[in-house]
Amino acid sequence: MILVTGGAGFIGANFVLDWLAGTDEPVVNLDKLTYAGNLQTLASLDGDKRHVFVQGDIGDGALIDRLLAEHQPRAVVNFAAESHVDRSIHGPEDFIQTNVLGTFRLLEAVRGYWSQLPAERKSAFRFLHVSTDEVYGTLSPTDPAFTEENKYEPNSPYSASKAASDHLVRAWHHTYGLPVLTTNCSNNYGPFHFPEKLIPLMIVNALAGKPLPVYGDGMQVRDWLYVKDHCSAIRRVLEAGRLGETYNVGGWNEKPNIEIVKTVCALLDELQPRADGKAYAEQISYVTDRPGHDRRYAIDARKLERELGWKPAETFETGIRKTVEWYLANQEWVRNVQSGGYRDWVAKQYGDKAKEGTQ
Ligand code: NAD
Ligand code: DAU
C-alpha cells in the first residue's frame with residue numbers, strides 16, 4: 001500500500017492510473033479537491049478496491065495520523081500542492097498554506113508514523129516529494145541547464161513556496177533521518193491537464209474560437225515532458241533512488257512558448273480544421289506579460305539517467321500529438337471542467353461520502 005497526496009490533480013491522477021495499470025499494490029489517495037482536483041479523471045477506477053479515495057487536507061495532521069495508522073503504507077508520494085504560477089501572483093496565501101505549512105504537517109505526521117515502525121519496515125519506508133525546476137530560478141539563453149547542484153533562486157510566490165517545501169523535506173532527512181527523496185521536474189503536459197495551463201488552454205480556446213493569449217513576446221523557454229514520463233521517473237526514483245538525494249526530471253525539450261502554441265495550432269489544423277478554412281494561428285494574441293516572468297528553464301536529467309537508467313519514452317513530437325488527440329477525444333471532460341460540472345459530478349458519484357472524507 002502507498003499513500004499518494006494530490007492524486008485527483010493532473011500529475012497525481014496520471015500517476016495513480018499508471019500505478020494501478022502496472023501493479024496490484026493498492027493506493028490511498030488523499031486529495032482536498034480544490035478547483036484543480038477532479039475525481040472524474042479517476043472514473044475508470046470506480047469500484048476498484050485497490051483505490052481508496054479520501055477527501056482531505058495534507059495540513060490536517062490528525063487525518064494523516066489516522067490514515068497512516070489504518071493503511072500502514074510503505075511509502076508516501078506527495079503531489080498535493082497549489083500549482084499555478086499566475087494564481088500564486090494574484091493570491092499567494094493558499095500556496096503558503098498548502099505548499100509550506102501543509103508539507104510541514106504532512107512531514108510531521110509521517111515522521112511520527114515512520115519512527116515507530118519495526119526496523120525492517122522503517123528502513124524500507126520512503127517519502128517522495130514531487131517538486132519543480134522553478135525552484136532554481138531563471139536561466140539566460142547561454143546558461144547550461146539546471147543540475148541538482150544549482151542554487152535555489154525561486155522568483156514567484158509559487159516557486160518560493162515549493163522551494164520552502166523542498167527545504168523542509170531535506171531538513172527532515174538531515175535532522176530526523178526521515179528517508180526522503182525529492183524530484184524536480186520541468187513542465188509537464190498530457191491528458192487531464194487543467195485548462196488554465198498553457199497547452200490545454202491553447203487547445204480549448206482554439207476549438208472555442210477564442211484568442212490564444214501569449215504572454216509578452218512569447219520567447220520564454222520551457223522544457224516539456226510528457227506526464228507519463230514524469231510518472232515513470234517517480235516510480236523509478238521511489239524504487240531505487242538514493243536516500244536524501246534530489247533528482248532532476250526533464251525531457252530535453254526546450255521550446256519557446258510561441259513555438260508550442262504554433263505547434264498546437266498546426267496539429268489542430270490537421271486533425272480538426274476550422275470550419276472557415278482559416279488557420280488556428282490567426283487566433284494568437286500577444287498580451288501583457290506575467291509579472292516577474294522567468295525567461296528560461298532547462299533541465300539536465302543526466303543524474304537520473306546515469307544512476308537509475310531512466311529515460312523519457314516520448315519525444316515532444318509524439319507526446320504533443322497524443323495530447324491534442326486526447327483533448328479532441330475527451331471534449332466532455334473539458335466541458336465539465338470549464339462549466340464547473342466536474343463538481344456536480346463528484347457530488348453525484350460520492351454524495352455526502354466525499355464530504356465525510358472517505359469513498
Ligand atoms: P494540480 O494543481 O493539477 O493538482 C494538485 C492536486 O493537489 C489537486 O488535485 C488538488 O485538489 C490537490 N491539493 C491541493 N491542495 C491540497 C491540500 N492542501 N491537501 C490535499 N490535496 C491538495 O497540480 P499538478 O500539475 O498535478 O502538480 C502536482 C505536483 O507536481 C505539484 O506538487 C507541483 O508543484 C509539481 N510539479 C508540477 C509540474 C507541472 O508541470 N504541472 C511540474 C513539476 C512539478
Ligand atoms: O516548470 C514546472 C512548472 O510548470 C510547474 O512547477 C508548475 O506547477 C506548472 O504550472 C508549470 O508552470 P509554468 O508557469 O511554466 O506553466 P504555465 O502553463 O502556466 O505557463 C507555461 C508558459 O506559458 C509560461 O512561460 C507562461 C506562458 N503562458 C501561460 C499561459 C497560461 C502564456 O504565454 N499564456 C498563457 O495563457
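This is a predicted model: local features need pLDDT of at least 70, side-chain atom pairs count only at pLDDT 80 or more; totals for chains, interfaces and linings use all residues.

Trainee: Which polar atoms of Asp133 and Leu198 lie by an oxygen atom of ligand 2?
Mentor: For Asp133 it is a side-chain atom, at 2.5 Å. For Leu198 it is a backbone atom, at 2.8 Å. The protein covers 94% of the 680 Å² of accessible area that ligand 2 has on its own.

Trainee: How do you know which residues surround ligand 2?
Mentor: A residue belongs there if one of its heavy atoms lies within 4 Å, and 23 residues surround ligand 2. Thr132, Asp133, Tyr158, Arg290 and His293 are the closest. By class, the shell holds ten nonpolar, seven polar and six charged residues. Helix α7 (198-207) and strand β8 (212-215) each supply at least two of its residues.

Trainee: Why does the pair between Val130 and ligand 1 still count as a polar contact?
Mentor: A polar backbone atom of Val130 is 3.5 Å from an oxygen atom of ligand 1. Lys162 places a polar side-chain atom 2.6 Å from an oxygen atom of ligand 1, and for a backbone N or O atom of Phe10 the distance is 3.0 Å. The protein covers 96% of the 840 Å² of accessible area that ligand 1 has on its own.

Trainee: Which strand gives the largest share of the shell around ligand 1?
Mentor: That is β5, with three residues. The elements that each supply at least two are α1 (10-22), β5 (126-132), α6 (157-176) and β7 (187-189).

Trainee: Why are β7 and β11 called edge strands?
Mentor: The open sheet has the order β7-β9-β11, with mixed pairing. β7 and β11 (254-256) each pair on one side only, and therefore they are its edge strands.

Trainee: What makes β9 and β11 a strand pair?
Mentor: At least two bridges are needed; β9 (residues 221-226) and β11 have three, so they pair, in the antiparallel sense. Val221 stands opposite Pro256 in β11. Helix α9 (residues 257-271) packs on the sheet, touching β9 and β11, and its direction makes about 85° with that of β11.

Notes
Residues are numbered from 1 along each chain as its sequence is written. Chains are lettered from A and ligands numbered from 1 in the order in which they are written. Side-chain values use heavy atoms; hydrogens and water are left out. A polar contact is a pair of N or O atoms within 3.5 Å; within protein, one must be able to donate a hydrogen and the other to accept it, and residues adjacent in sequence count only if both atoms are side-chain atoms. Accessible areas come from the Shrake-Rupley method with a 1.4 Å probe; for residues, only the protein chains shown count as cover. Helices (H or I, at least four residues) and strands (E, at least two) are DSSP runs, numbered from the N terminus. Contact means heavy atoms within 4.5 Å. Axes are lines fitted to C-alpha atoms, for helices over the stretch in contact, and angles run from 0 to 180 degrees between N-to-C directions. Ala, Val, Leu, Ile, Met, Phe, Trp, Tyr, Cys and Pro count as nonpolar, Asp, Glu, Lys and Arg as charged, and the others, Gly among them, as polar.
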